[in-house]
Amino acid sequence: MNSNCILAEIAEALRENQTFVVMSHLRPDGDAIGSVIALALALKGAGKEVTVWNHDGPMEKLRFLPGSDLIAKPPATPQDFDVALVLDTSTQPRLGDSLAAVRKAKLWINLDHHISNTGFGDLVYIDVPAPATGQIVFELIRAAGYPLTPAIADNLWAAIATDTGSFQYSNTSARTFEIGAELIAAGVDVGKISEQLFQTHPRRRLELLRALLNTMQFTCDGRAASFSLPLATAAQIGAGPEDTEGLIDTLRSTEGVLVAAFFEELEGGRVRVSMRSKDPRYDVCKICAQFGGGGHILASGARIKGGLATVEAQVLKAISDAIQQQP
Ligand code: AMP
Ligand code: MN
Ligand code: MN
């Protein structure tokens with residue numbers, strides 16, 4: 001998906017309008033949450049009226065971020081805005097209930113880095129090489145001439161650090177480190193925020209990892225690894241959606257593993273699949289697209305109808321086919 005505008009045009013649209021709703025995808029990660037809060041704070045600083053919605057509301061583990069109290073669940077009665085800003089969200093249905101809560105917006109702006117973005121909206125800016133939507137938001141805030149306050153810097157750090165795996169993944173560029181340096185200069189306390197983001201998990205997350213490792217399977221001669229979470233196990237542990245983030249990295253970081261998959265049973269007879277690859281030849285966005293999902297070449301997901309065992313078998317077959325297609 002290509003962009004149809006440059007950031008300067010989006011900056012102008014921000015300057016020219018007054019009421020904004022800022023939204024991101026359901027089951028939000030640090031990039032989704034950090035990006036929306038950062039942009040919302042910048043707009044509020046410029047005297048705009050800003051509403052921030054997420055289908056799942058603020059995530060408990062990201063409540064420490066300054067400005068997280070701005071995030072609300074979308075209301076049942078739809079509202080009108082000058083501008084609807086959609087961040088880090090590849091398709092409109094990924095907005096969940098936020099989509100129908102916008103009755104009318106004069107302008108829809110789509111700002112993202114997913115290769116699978118469908119290009120919805122009036123002003124579309126998709127930067128696939130950008131490692132995080134937070135990096136694009138940084139450039140937009142600069143283009144608009146808004147000040148980088150310590151609160152905005154913290155949120156952009158959370159966004160970028162989440163999607164780059166703490167500045168480690170291959171999409172981390174020289175520009176990412178330059179931005180990191182500017183964020184630190186603007187007030188980010190790296191040790192503190194890293195601890196809050198990555199080193200402060202509830203004990204139930206460890207219990208969850210134990211349960212997941214008990215289901216671990218290696219297929220394709222050890223080139224694929226997966227584990228799965230039945231609803232009953234999640235209930236027994238008391239684990240919620242936000243406890244699962246990042247656990248798949250245990251599989252991905254195992255020697256010899258090319259593709260990792262995590263299957264999570266959802267209410268309503270569906271399964272959420274999370275997938276990671278270590279090598280762009282094994283494009284997990286393509287595999288997930290076969291099941292109606294998407295994301296990035298090295299990190300993607302899908303929500304698939306069916307029971308846990310059936311979905312697992314279908315997806316593991318698709319992974320095996322993708323691995324076997326390579327020499
Ligand atoms: P996750 O495995 O949930 O961390 O997601 C990895 C990447 O895939 C993220 O960039 C998500 O936005 C994207 N993604 C996850 N689930 C879906 C889905 N059902 N449809 C489209 N993209 C998804
Ligand atoms: Mn995201
Ligand atoms: Mn992202």
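Predicted model: local features only at pLDDT ≥ 70, side-chain atom pairs only at ≥ 80, totals over all residues.
Q: What makes S5 and S6 count as paired strands?
A: Strand S5 (residues 102-112) and S6 run parallel and are joined by 4 bridges. Two strands pair if DSSP finds at least two bridges between them, so S5 and S6 qualify. One place to look is Asp 112, which stands opposite Ile 126 in S6. As for the names, helices (H or I, at least four residues) and strands (E, at least two) are DSSP runs, numbered from the N terminus.

Q: In what order do the strands of the parallel open sheet come, and which are its edge strands?
A: The order of its 6 strands is S3-S2-S1-S4-S5-S6, with parallel pairing. Strand S3 (71-72) and S6 are the edge strands, as each pairs on one side only. Further in, strand S4 (residues 79-87) pairs with S5 in the parallel sense over 8 bridges. In that pair, Gln 79 stands opposite Val 102 in S5.

Q: Which way do the residues of strand S6 point, and are they buried or exposed?
A: In S6 (residues 123-126), Leu 123 and Tyr 125 point one way, while Val 124 and Ile 126 point the other. In a regular strand the side chains alternate between the two faces of the sheet. All four of these S6 residues are buried, a word that stands for under 20% relative accessible area, with exposed over 50% and partly exposed in between (1.4 Å probe, protein chains only).

Q: Why are S7 and S11 called the edges of their sheet?
A: This open sheet has 6 strands in the order S7-S8-S9-S10-S12-S11, and its pairing is mixed. Strand S7 (217-219) and strand S11 (294-295) each have a single partner strand, so one side of each has no neighbour in the sheet. Elsewhere in it, strand S10 (residues 270-277) and strand S12 (residues 299-305) run antiparallel, joined by 7 bridges. Arg 276 has Ala 299 in S12 as its bridge partner.

Q: How do you know that the span of helix H7 agrees with its number of residues?
A: H7 (residues 203-214) has 12 residues, which at 1.5 Å a residue should span 16 Å; its end C-alpha atoms are 17 Å apart, so the two agree. The expected span is 1.5 Å times one less than the number of residues in the helix.

Q: What makes H7 a helix with a buried side?
A: Its buried residues are Arg 205, Leu 208, Leu 209, Ala 211 and Leu 212. They cover an arc of only 165° around the axis, so they lie on the same side of H7; the arc is that of the directions from the helix axis to the C-beta atoms. The face turned away from that side carries the exposed residues Arg 203, Leu 206, Arg 210 and Asn 214. Among the elements covering the buried residues are strand S8 (224-229) and helix H8 (231-237), where contact means heavy atoms within 4.5 Å.

Q: Why is His 201 called partly exposed?
A: His 201 has a relative accessible area of 40%, which falls between the buried and exposed cut-offs, so it is partly exposed. His 201 is found in the loop between H6 and H7. Its side chain makes a polar contact of 3.4 Å with that of Arg 205. A polar contact is a pair of N or O atoms within 3.5 Å; within protein, one must be able to donate a hydrogen and the other to accept it, and residues adjacent in sequence count only if both atoms are side-chain atoms.

Q: Why does Thr 172 count as buried?
A: Its relative accessibility is 17%, and buried means under 20%, so Thr 172 is buried. Thr 172 lies in the loop between H4 and H5. A polar atom of its side chain lies 2.7 Å from the backbone oxygen of Tyr 169.

Q: Which residues are closest to ligand 1?
A: The closest are His 114, Arg 272, Ser 274, Arg 276 and Gly 294, among 14 residues that surround ligand 1; a residue is near a molecule or strand if one of its heavy atoms lies within 4 Å of it. An N or O atom in the side chain of Ser 274 is 2.3 Å from an oxygen atom of ligand 1.

Methods:
Residues numbered from 1 in each chain as written. Chains lettered and ligands numbered in written order. Heavy atoms only, no water.
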